[in-house]
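Please look over the sequence and the structure before reading on. The briefing below takes up strand pairing, helix packing, the ligand shell and some backbone angles.

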Amino acid sequence: MTARTTIDSESGSRGTDDANPGALPGAFTLSPSRAADFMTCPLLYRFRTIDRLPEPPSPEATRGTIVHAVLERLFELPAEQRTPEHAATMIRPEWDRLLEAEPAVGELFSDDADGSAMATWLRSAEDLVLRYFTLENPQVLEPAERELYVETTLDSGLRLRGYVDRLDRAAATGELRVVDYKTGRAPREGFEQRAMFQMRFYALVLWRLYGQVPRLLQLIYLGSSEILRYEPDEADLRATERKLAALWQAIRRATDNRDWRPSPSRLCDWCNHQALCPAYGGTPPPLPEATADTAADEAPSPRTSPVDA
Ligand code: SF4
């Protein structure tokens with residue numbers, strides 16, 4: 001896929017995520033995706049982070065990867081070429097690129113003899129990309145960063161890391177806007193704050209890295225053509241830091257006690273591990289050796305769930 005820029009508070013360096021992103025022995029690491037897993041269901045967190053159970057590619061998550069890649073590469077073009085027509089032509093090459101990098105995604109269409117299912121799926125990706133142009137005009141934007149790997153370590157020793165889809169910096173004031181694309185629909189009224197948690201997580205990391213609270217957090221929901229915006233302040237981000245510290249304590253407790261409770265919800269419909277889940281009559285596999293170390297050394301993960309997409 002596309003190259004990713006890296007900024008971390010340990011080295012202050014920039015590179016690609018092909019390099020070791022500033023490993024810090026003994027630190028505990030949390031990403032927004034895995035934090036969301038634990039908040040959704042502790043057992044799901046265990047399956048993904050400790051057991052590291054493989055998950056088959058899903059059409060939604062894979063489409064999310066393609067759409068994100070197109071929106072990232074779009075800004076490599078001169079401004080006048082950032083048109084809906086040009087963006088639509090970028091979808092198929094991104095799919096070919098992904099297929100070459102991750103041949104397993106080809107399983108999605110292994111039964112699609114006449115290619116009609118893949119054509120429909122590619123058209124749905126195109127719909128999402130075209131909808132982006134109804135929400136923003138990329139010809140007047142020059143992002144400071146795209147697919148930015150960020151990482152910082154809090155005083156508690158908890159290391160936070162993740163990928164920011166886009167970071168804009170205002171030319172006149174230097175103010176930061178954090179942008180994340182979602183291919184799903186915007187959350188129902190009353191659930192916006194939960195959706196904004198990921199953005200506060202990034203805002204906290206960027207505050208620690210740059211010493212500057214981002215001015216605006218912006219979630220772009222291509223599935224429903226909506227934008228969710230939030231202006232954080234220092235008090236917000238301190239509260240986020242406390243919440244993450246408490247979350248990490250809960251994860252450590254679950255690890256120490258070998259106690260990962262299932263928490264059934266409507267998200268179970270997207271869970272690949274129902275057959276192993278006691279809530280559905282299953283039995284989890286034995287925990288791997290060195291569970292604590294495994295839990296503490298989570299690798300950055302690709303977009304694998306509706307939360308990420
Ligand atoms: S099926 Fe539901 S309760 Fe069970 S692990 Fe998955 S998300 Fe958790």
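Two strands are said to pair if DSSP finds at least two bridges between them, and helices (H or I, at least four residues) and strands (E, at least two) are DSSP runs numbered from the N terminus. The model is a predicted one, in which local features need pLDDT of at least 70 and side-chain atom pairs count only at pLDDT 80 or more, while totals for chains, interfaces and linings use all residues. Residues are numbered from 1 along each chain as its sequence is written.

**Strands E3 and E4**

- Strand E3 (residues 145–153) and strand E4 (residues 158–169) pair in the antiparallel sense over eight bridges, with Glu145 standing opposite Leu167 in E4.
- The two strands E3 and E4 form a hairpin with four residues between them, and Gly157 in the turn has a positive phi of about 95°.
- Seven of the nine residues of E3 are buried, so this strand is largely enclosed by the rest of the structure; a residue is buried if 20 or more other C-beta atoms, placed from the backbone, lie within 10 Å of its own, exposed if 12 or fewer, and partly exposed in between.

**Helices H7 and H8**

- Helix H7 (residues 192–210) packs with helix H8 (residues 234–256) at an angle of about 105°, their axes being 9 Å apart, where axes are lines fitted to C-alpha atoms over the stretch in contact and angles run from 0 to 180 degrees between N-to-C directions.
- That angle makes H7 roughly perpendicular to H8, a term that covers 65 to 115 degrees, whereas angles under 35 count as roughly parallel, over 145 as roughly antiparallel and the rest as oblique.
- Arg200, Phe201, Ala203, Leu204 and Trp207 in H7 meet Asp236, Leu237, Thr240 and Glu241 in H8, contact meaning that the C-beta atoms, placed from the backbone, lie within 7 Å.
- By class, this contact of H7 with H8 has five nonpolar, one polar and three charged residues, with Ala, Val, Leu, Ile, Met, Phe, Trp, Tyr, Cys and Pro counted as nonpolar, Asp, Glu, Lys and Arg as charged, and the others, Gly among them, as polar.

**The ligand**

- The ligand is surrounded by 14 residues, of which the closest are Cys41, Pro262, Cys268, Cys271 and Cys277; a residue counts here if its C-beta atom, placed from the backbone, lies within 6 Å.
- The shell around the ligand divides into 11 nonpolar, three polar and no charged residues.

- Most residues other than glycine have a negative phi.
- Arg52, in the loop between helix H2 (42–50) and helix H3 (59–74), has a positive phi near 50°, and Arg52 counts as partly exposed with 14 C-beta neighbours inside 10 Å.
- Arg258, in the loop between H8 and helix H9 (291–296), has a positive phi of about 50°, and Arg258 counts as exposed with 10 C-beta neighbours inside 10 Å.

Conventions: Two residues are in contact if their C-beta atoms, placed from the backbone, lie within 7 Å.
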